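Student: I have a model open here and would like to talk through some details. Can we start with the charged pairs?

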Amino acid sequence: MKRLAWIILCALSLGAGQALAAGRSVSYSTWLVSGNTVTLRFLLPVGEARRLVGVAVPVLTTDKLKDYMLQHVSVDSAGGACPAIDQGYDLGQVDPLAVGPDLYGFELVYRCSDPRQLILHNSVLFGAVPDHANFARVQTQGHSVEQLFTAGHQSLPLPDVGAPRSAGLLAYLGIGLSHILGSADRWCVLLGALLLVRRRRDLIAIMVALVTGYLLALLVSASGWVLPRAALAEAFIGFLVLLFGAAITLRETQPRWAALIAGPGLLLVLAGASLWMHAPWVALAMMGAACLFTGLVLLSRERAGPGSSWLLLVALFALLDGSAMSALLQPAQLSRRSQAQLSVGFDAGAVLIEALIVSIPALVLFVVRTQRIVALRLLVDDLAAAVLSGLGAFWLVSRLWV
Amino acid sequence: MGVARVFGPLLSRPQRTRVLPVLAIGVGVVLALVGLFRAAPMPLTAVPPGYVALVNQKGILMNDFIAQTQLETSRSFAEATPAERQRVLHEMIDEEVLVQRGLVLDIPETTNEVRGSIVSAVNAQVAAPVLATVPDDGELRAFYDKNRQSYTVAGSMQVRDLVLHVGGYQNADQTSTQAQADATEAVYQLRAGNSADYVMAHFGFVNSGRMDGTEQPDFAVKLHLGDKLYQVATQLREGEISDPVLDADGMHILVMVRHDFPKVADFSVVRDRVYLDWRTAQTKRATQDNVHLLRSQAQILIAPGQSQ
């Protein structure tokens, strides 16, 4: 049984690159409407720009990106399409901005013959990344509203009088939904939690842990005091996936001293390597991971299983996942209120879809268990433990020094 | 005693086997969270001491504001009126906003005038500490001794240029060989003590007209005589006669009447020039050292077929 599990794990690891769940795909735009002139400032993370290479942009140069931008953003009005003006000084229609090493910035100015019935169009990246989201801020007639461009919402009409409507909670809910649905590592966390469920009340405990974690994340982001280190948080989620795999194994077997030493030992080696590479925060996180791993294994030895300690992992996952949005929103420079609204919508969407993901397979599991198909359950546990451990270790190491 | 009663049972079996793992989990979570989260950059909501204003979180120094006010009002800061100070601050904020906009548009990379100003400013900044130091006489004298040739005072000479024309329709029967022989004899006569007028009368030499018989600085003599004859003249001391020199218009004999050779000016005479030259040299060295350092730290790739 275990040999079969390891064979499948090895096969899976060949395609591990596909399982490399990418971070959230976002970009940012600011639209300044003044009379018949619309000034667009667009910020595109370098990582997102690389997704276009080979498909929409043959070679990643600023000039090629400028051409791509010109083709995928536009403004229409009652007088027809508004042309982007030549900004002089050999800049052309798209002016590149210096906005830091991790972002590409562009500025375009559209001049409309008729300032009425303005419609803003943005289709950047949606062809290559369907779940891409563009956080937009529209300033017009003294008002500033936050909006969202998605694959299903690529145009935004502006009223001739008054403020345009801002993106509602539902829009951000959709982001939270698609964020969980499109991330393999989030699925693995939920699968791991699901496989540790023994009683019906464990399902409720999972939901409570998720909600608690997301609420804590909201509190943290609302305070504005701390921000997550996004890349490191993604690596730690990989570690949590690994821990779930270990927890599933610990439920069936007594942990050996080798596991007690090897697991934390490897994490401490990673911590040492991080210190050597002048990444002290990574080292601290890995030391915390080693302590967490040790505590979990020791508790499992004591209680003959992980008990309910794995619920802490669920809450920790929710805290990190919910905090990710605040790090993503930094370049957008939104107001505290808008950021809070966005985070609430995102977290609510994540919780809703996670509840759905957890509840449907749980029903199937309970049906299987009532049939007392013990061998099937053991096979699933073994396979899941191997897959989760392998993928978790892969994500941890591959994302650690990004 | 109370503490021991509370914590004692926790630190002994069997509770210890549960407490320690829970403690490890707690410590692990705390360590992990400290490593995973960082302090968010807090925007400044009040102007810090030493600054007069913040523009997009970038400060305008109070010292700069005071200096600018004094410059624009031609009065001390205390004497400037509130309206004047407001106007100056308004202008400084306008300037800061435009500078920040220029940085966003990457104008320092794309505009030649701005690039030239930035280069000059960087060089001036590098040279400033060097120029702030005042050299003593010992340093200046050492610099003077090292560059003596730069402080030479030009010499002067009074020379007669006699020529025996060769060729042309007026001297159809005068060959170069004959002229050479006549000139050699004329030089002998002059060196024997005969006067130039005697030589001119007997050998047919005439005044070339290039020199007017007065004492002139070396550069003027060079201009009048030409390079060939001037090089001969520089070697002659007072009273000496040159060997015959064939030039384009005939055989020349130079008679040096008076010759003040170029000499190095005394340090006390040229001290100001030495000081200025010292400052220039220090500035040049500082800026060159800076460029070398920047180049050593830069990754420079040259396109194929090009070189620097």
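Tutor: B:Asp243 and B:Arg191 form a salt bridge, with their closest N and O atoms 2.9 Å apart. A salt bridge here is a side-chain nitrogen of Lys or Arg within 4 Å of a carboxyl oxygen of Asp or Glu. This is a predicted model, where local features need pLDDT of at least 70 and side-chain atom pairs count only at pLDDT 80 or more, while totals for chains, interfaces and linings use all residues; side-chain values use heavy atoms, with hydrogens and water left out. Residues are numbered from 1 along each chain as its sequence is written, and chains are lettered from A and ligands numbered from 1 in the order in which they are written.

Student: Which parts of chain B does the pair of B:Asp243 and B:Arg191 tie together?

Tutor: B:Asp243 lies in the loop between helix 11 (227-234) and strand 8 (245-247), and B:Arg191 in helix 8 (residues 176-191), so the pair ties together parts of chain B that are 52 residues apart in sequence. Helices (H or I, at least four residues) and strands (E, at least two) are DSSP runs, numbered from the N terminus.

Student: How exposed is B:Asp243, and what about B:Arg191?

Tutor: B:Asp243 is partly exposed at 47% relative accessible area, and B:Arg191 is partly exposed at 48%. Buried means under 20% relative accessible area, exposed over 50%, and partly exposed in between, with a 1.4 Å probe and protein chains only.

Student: What does B:Asp197 pair with?

Tutor: B:Asp197 forms a salt bridge with B:Arg160, at 3.9 Å between the closest N and O atoms. B:Asp197 is in helix 9 (residues 196-203) of chain B and B:Arg160 in strand 5 (residues 156-165) of chain B, so this pair links parts 37 residues apart in sequence. B:Asp197 is exposed at 53% relative accessibility, whereas B:Arg160 is partly exposed at 29%.

Student: How many salt bridges are there over all chains?

Tutor: The count is 23. One of them joins the side chains of B:Arg75 and B:Glu84 at 2.4 Å, N to O. In chain A, a network of salt bridges links A:Asp185, A:Arg186, A:Glu234, A:Asp321 and A:Arg399.

Student: What about B:Glu96, is it buried or exposed?

Tutor: B:Glu96 is buried and has no salt bridge; B:Lys58, the nearest side chain of opposite charge, is 5.6 Å away. For charge, Lys and Arg count as positive and Asp and Glu as negative, while His and the chain ends are not counted. B:Glu96 sits in helix 4 (residues 82-104) of chain B.

Student: What does the side chain of B:Glu96 contact, then?

Tutor: Its side chain makes a polar contact of 2.8 Å with that of B:Gln100. A polar contact is a pair of N or O atoms within 3.5 Å; within protein, one must be able to donate a hydrogen and the other to accept it, and residues adjacent in sequence count only if both atoms are side-chain atoms.

Student: Switching to chain A. How many residues of helix 10 are buried?

Tutor: In helix 10 of chain A, 18 of the 19 residues are buried.

Student: And what follows helix 6 of chain A?

Tutor: Just after helix 6 of chain A comes A:Gly224, with a positive phi of about 75°. The buried residues of helix 6 include A:Leu203, A:Ile206 and A:Tyr214.
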